[in-house]
Amino acid sequence: MADTATAAAAAAASAANASTDAPPFQLGKPRFQQTSFYGRFRHFLDIIDPRTLFVTERRLREAVQLLEDYKHGTLRPGVTNEQLWSAQKIKQAILHPDTNEKIFMPFRMSGYIPFGTPIVVGLLLPNQTLASTVFWQWLNQSHNACVNYANRNATKPSPASKFIQGYLGAVISAVSIAVGLNVLVQKANKFTPATRLLVQRFVPFPAVGPAGDGADAGGPPHAHPGATPDRHVHAGEIETTQLEPEIARATSSRTVVYNKGL
């Protein structure tokens with residue numbers, strides 16, 4: 001009877017663990033398959049999930065400890081794959097993978113929507129003055145630059161001067177394009193007031209696009225042979241056979257991971 005009860009309890013525990021749709025946990029790997037669009041889409045949703053902004057300090061410590069226990073093979077019985085994936089999601093959303101320090105909340109990828117949306121709304125406000133155009137373009141580029149810097153690859157630090165140059169270049173480029181286009185639209189006498197207003201709504205898009213390259217100057221993309229694909233929130237993976245010959249010859253790894261930026 002005792003053996004039967006033990007077997008029944010084990011079967012129940014196994015069924016409870018299997019009832020979740022969580023795949024087997026892999027430390028440092030994405031939860032969803034990256035070979036399909038749907039898998040990459042779900043992975044992206046995980047990264048920008050704003051619920052991780054409300055994780056308490058205690059919950060963060062528990063998540064980190066759970067992953068440490070898994071890493072060292074001291075995981076307590078009964079921990080499910082779902083709990084492990086959740087712990088990894090929390091850690092990656094809050095702590096920088098290189099410095100292991102907490103990322104300032106507005107500059108986390110999970111905070112990009114709640115903190116970035118008001119800026120986008122400001123960029124699209126109608127009938128903007130010169131001052132408001134400059135302000136919103138400056139704020140947008142500043143936010144982008146800070147997000148890039150906060151999530152940068154810190155294994156090979158870039159000089160601060162390079163980041164500052166990129167930031168200033170992005171701000172000047174965005175402001176110049178936005179102000180210039182607004183002036184041109186205002187001077188277009190052939191436009192009706194309604195057409196002029198409609199065209200002005202699209203001015204932020206060409207202004208933001210080219211400036212984005214400058215904002216990334218503080219953390220240029222570079223490959224890390226042997227690193228895991230999810231080491232950074234903007235990481236991508238590529239086989240060395242698809243790289244330029246001179247780059248492929250520089251490593252013996254089958255795949256390399258690179259920082260895709262924003």
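**Helix 4 and its cover**

- Helix 4 covers residues 81-94, and at 1.5 Å a residue its 14 residues should span 20 Å, which agrees with the 20 Å that separates its end C-alpha atoms.
- The buried residues of this helix are Leu84, Trp85, Ala87, Gln88, Lys89, Ile90, Ala93 and Ile94, and among the elements that cover them are helix 2 (37-47) and helix 3 (57-71).
- Gln88, which is placed in helix 4, has a relative accessible area of 4% and is therefore buried, since buried means under 20%.
- When residues up to four places away in sequence are not counted, Gln88 touches Phe25, Gln26, Leu27, Gly28 and Lys29, together with Leu67.

**Phe25, in the loop between helix 1 and helix 2**

- Phe25 lies in the loop that runs between helix 1 (2-18) and helix 2, and it is buried, with a relative accessible area of 6%.
- Although Phe25 and Trp85 are 60 residues apart in sequence, their C-alpha atoms are 6.5 Å apart in space.
- Leaving aside neighbours within four places in sequence, Phe25 is in contact with Asn81, Leu84, Trp85 and Gln88, and also with Leu67 and Tyr70.

**Asp49, in the loop between helix 2 and helix 3**

- Asp49 is located in the loop between helix 2 and helix 3, where it is buried at a relative accessible area of 9%.
- Asp49 touches Lys89 and Ser110, again not counting residues up to four places away in sequence.
- Asp49 and Met109 are 60 residues apart in sequence, while the distance between them in space is 8.3 Å from C-alpha to C-alpha.

**A nonpolar surface patch**

- Phe37, Tyr38, Phe41, Phe44 and Leu45 make a nonpolar surface patch of about 580 Å².
- Leu45, one of the residues of this patch, has a relative accessible area of 40% and is thus partly exposed, as that value falls between the 20% and 50% limits.
- In general, an α-helix has 3.6 residues a turn, so residues three or four places apart point the same way.

**The segment annotated in UniProt**

- An unreviewed UniProt entry places the feature "transmembrane region" at residues 166-185.
- In the predicted model, the chain over residues 166-185 is 100% helix and 0% strand, and the end C-alpha atoms of this stretch are 28 Å apart.

Note on methods: Residues numbered from 1 in each chain as written. Predicted model: local features only at pLDDT ≥ 70, side-chain atom pairs only at ≥ 80, totals over all residues. Heavy atoms only, no water. Helix = DSSP H or I, 4+ residues; strand = E, 2+ residues; numbered from the N terminus. Expected span 1.5 Å × (residues − 1). Buried < 20%, exposed > 50% of the residue type's maximum accessible area, 1.4 Å probe, protein only. Contact = heavy atoms within 4.5 Å. Patch = residues over 30% accessible without salt bridge, like charges linked within 9 Å, V, L, I, M, F, W, Y side chains within 5 Å. Areas by Shrake-Rupley, 256 points an atom, 1.4 Å probe, with all protein chains shown as cover. Salt bridge = Lys/Arg side-chain N within 4 Å of Asp/Glu carboxyl O. UniProt positions renumbered as here; feature names shortened; annotations may be inferred.
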